[in-house]
Amino acid sequence: MALHTSGTSGLVNTRFFNTFPQNIDSLFVSLYRKNVLKRTLRSFFPINFYDGSRQRYPRPAQCGDPIGKIVSVKVGNTGAFFQNVVRCGNKWICPTCSNHFKGQWRNYAVNATQNAMDQNMQVLLLTLTIPHKATDNLGSLLSILTKAWVDLSRLLKSGVLLRPYGYGGLIRATEVTYGKAHGWHPHFHVLLFLDNPIASSDLDTVKISLQKMWTKYLAIRGIILQAGRVKIDVRPIESPKEAGYIFKTQDSNTPDHYTPFELIDAIEGRLADIKPNHAKLLIIDFLLQTKHKHFADATKEIDKFATRPSKLKRKHGGGEEGENQVGAVSLFEIPTKRYRQLQKNTDMVCEVFILASNKKTLFHAEYIAKEKPLDNN
């Protein structure tokens with residue numbers, strides 16, 4: 001019953017694996033990367049990782065593991081999901097939890113932008129970066145970037161720079177890529193909401209003002225920009241769909257700029273210019289340096305345009321962590337021992353979700369305890 005994803009175009013609508021676009025190939029890639037990540041973390045921390053309270057593996061190394069004796073496969077209005085499994089909730093490195101998180105925030109950004117535009121407001125996309133070298137520490141870069149942003153956002157909220165246009169709120173997302181030549185490249189994507197549209201002729205003036213203040217706040221923290229090196233980009237959002245760019249999916253289209261998820265591929269030898277052992281060290285470094293860092297946020301002004309995403313909980317629950325599961329139908333149950341076997345077979349997990357999402361009977365004695373699901377539709 002192996003599912004071969006090459007050239008497949010069938011759609012999968014699941015809650016746990018909320019990918020864009022939602023198709024079999026992207027689901028397969030997320031699950032495959034997740035298994036590689038878990039193996040890597042467990043081999044790197046063989047005696048468990050001490051987090052200050054108890055000894056255990058890092059959370060992403062436990063994501064998807066079963067809790068108790070039975071794992072249920074359920075289906076609701078929005079698709080299929082596992083219940084009674086761990087979900088790590090790591091938005092930075094876990095391929096499946098990150099997809100779920102980004103999916104929620106992408107919808108939030110698109111809906112907020114749509115409602116703002118309906119009220120004749122304008123939304124600008126800002127990209128904020130800092131210069132860096134291959135030897136720079138990711139945690140230090142993120143700290144400098146965040147502190148400079150706090151100063152700039154405070155200035156934006158005051159309305160001093162935007163007095164003719166009116167401040168309407170902010171949505172910020174953090175993105176980190178890696179390049180062999182220049183190392184870690186953290187940067188912010190920001191949606192800036194304005195009460196009044198900016199004329200095309202004034203856009204350059206706004207950009208120069210923002211660049212001047214960004215340069216100042218970086219200089220306070222010892223980052224001196226060379227003349228002519230623009231580290232802030234400003235462009236108007238033309239359609240609500242463009243706002244979803246700040247929460248884009250896992251792969252980068254820029255040469256020599258790899259997302260952490262592509263570095264997981266490098267562990268398997270799928271990137272020519274990054275060796276597997278080097279990729280493992282980069283993944284561990286990324287996991288440790290991003291711990292307790294904020295991935296995304298929005299100001300309270302945005303809440304009048306769209307409903308803020310619920311916090312992605314960790315603990316137990318797998319697919320939806322117990323939220324919005326009212327009316328979900330249990331299709332079948334899988335004993336923990338067989339579920340652990342199923343976890344290792346990415347093809348089979350994909351098939352479970354495809355069949356379950358369509359409420360189709362799944363017969364496979366090796367993995368499924370019951371021959372007949374509870375729902376025969």
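This report describes a sheet, a helix pair and a set of aromatic contacts in a predicted model.

**The sheet**

Five strands make up an open sheet, arranged in the order E8-E5-E7-E6-E9 with antiparallel pairing. The edges are taken by strand E8 (232-236) and strand E9 (296-298); each has a single partner strand, so one side of each is left without a neighbour in the sheet. From one strand to the next, the twist averages 15°. Helix H4 (residues 200-220) packs on this sheet, where it touches strand E5 (122-129) and E8. The direction of H4 makes about 150° with that of E8.

Strand E7 (residues 183-194) has 12 of its 12 residues buried, so this strand is largely enclosed by the rest of the structure. E5 and E7 run antiparallel and are joined by eight bridges; across from Thr129 stands His187 of E7. E7 also pairs with E6, again in the antiparallel sense, over 12 bridges. Within that pairing, Gly169 has Phe193 in E7 as its bridge partner. Three residues lie between E6 and E7, and the two strands form a hairpin.

Strand E6 (residues 167-179) pairs with E9 as well, in the antiparallel sense, over three bridges. Here the bridge partner of Arg172 is Asp297 in E9. Beyond E9, the loop between E9 and strand E10 (329-335) contains Lys300. Lys300 counts as exposed, because its relative accessibility is 68% and the cut-off for exposed is over 50%. Although Lys300 and Ile171 are 129 residues apart in sequence, their C-alpha atoms are 9.7 Å apart in space.

**Helices H6 and H7**

Helix H6 (residues 260-267) packs against helix H7 (residues 276-289) at an angle of about 145°, and their axes are 8 Å apart. The crossing in which H6 passes H7 is left-handed. On the H6 side, the contact is made by Pro260, Leu263, Ile264, Ala266 and Ile267. H7 contributes Pro276, Ala279, Lys280, Leu282, Ile283 and Phe286. Sorted by class, the contact has 10 nonpolar residues, no polar residues and one charged residue.

**Aromatic pairs**

In the whole structure, a search finds 11 aromatic pairs. A pair of aromatic rings is described by the distance of the centres and the angle of the planes. Two of the pairs are set out below.

| Pair | Distance of centres | Angle of planes | Class |
|---|---|---|---|
| Phe101 and Phe295 | 5.3 Å | 80° | edge-to-face |
| Trp105 and Phe247 | 5.8 Å | 45° | tilted |

The pair of Phe101 and Phe295 links distant parts of the chain, 194 residues apart. Phe101 belongs to helix H2 (residues 95-118), whereas Phe295 lies in the loop between H7 and E9. Phe101 has a relative accessible area of 5% and is therefore buried, the cut-off being under 20%. Phe295 is buried too, with a relative accessible area of 9%.

Trp105 lies in helix H2 and Phe247 in the loop between helix H5 (240-243) and H6, so their pair ties together parts that are 142 residues apart in sequence. Both Trp105 and Phe247 are buried.

Which residues do ring pairs link into a cluster? The cluster consists of Trp92, Phe101, Trp105, Tyr108, Tyr178, Trp184, Phe247, Phe286 and Phe295. Among these, Phe286 also takes part in the contact of H6 with H7.

Note on methods:
Residues are numbered from 1 along each chain as its sequence is written. This is a predicted model: local features need pLDDT of at least 70, side-chain atom pairs count only at pLDDT 80 or more; totals for chains, interfaces and linings use all residues. Side-chain values use heavy atoms; hydrogens and water are left out. Axes are lines fitted to C-alpha atoms, for helices over the stretch in contact, and angles run from 0 to 180 degrees between N-to-C directions. Helices (H or I, at least four residues) and strands (E, at least two) are DSSP runs, numbered from the N terminus. A crossing is left-handed if the near helix is turned anticlockwise from the far one by less than a right angle, and right-handed if clockwise. Contact means heavy atoms within 4.5 Å. Ala, Val, Leu, Ile, Met, Phe, Trp, Tyr, Cys and Pro count as nonpolar, Asp, Glu, Lys and Arg as charged, and the others, Gly among them, as polar. Two strands pair if DSSP finds at least two bridges between them. Rings of Phe, Tyr and Trp (its six-membered ring) pair if their centres lie within 6.5 Å; planes under 30 degrees apart count as stacked, over 60 as edge-to-face and the rest as tilted. Buried means under 20% relative accessible area, exposed over 50%, partly exposed in between (1.4 Å probe, protein chains only).
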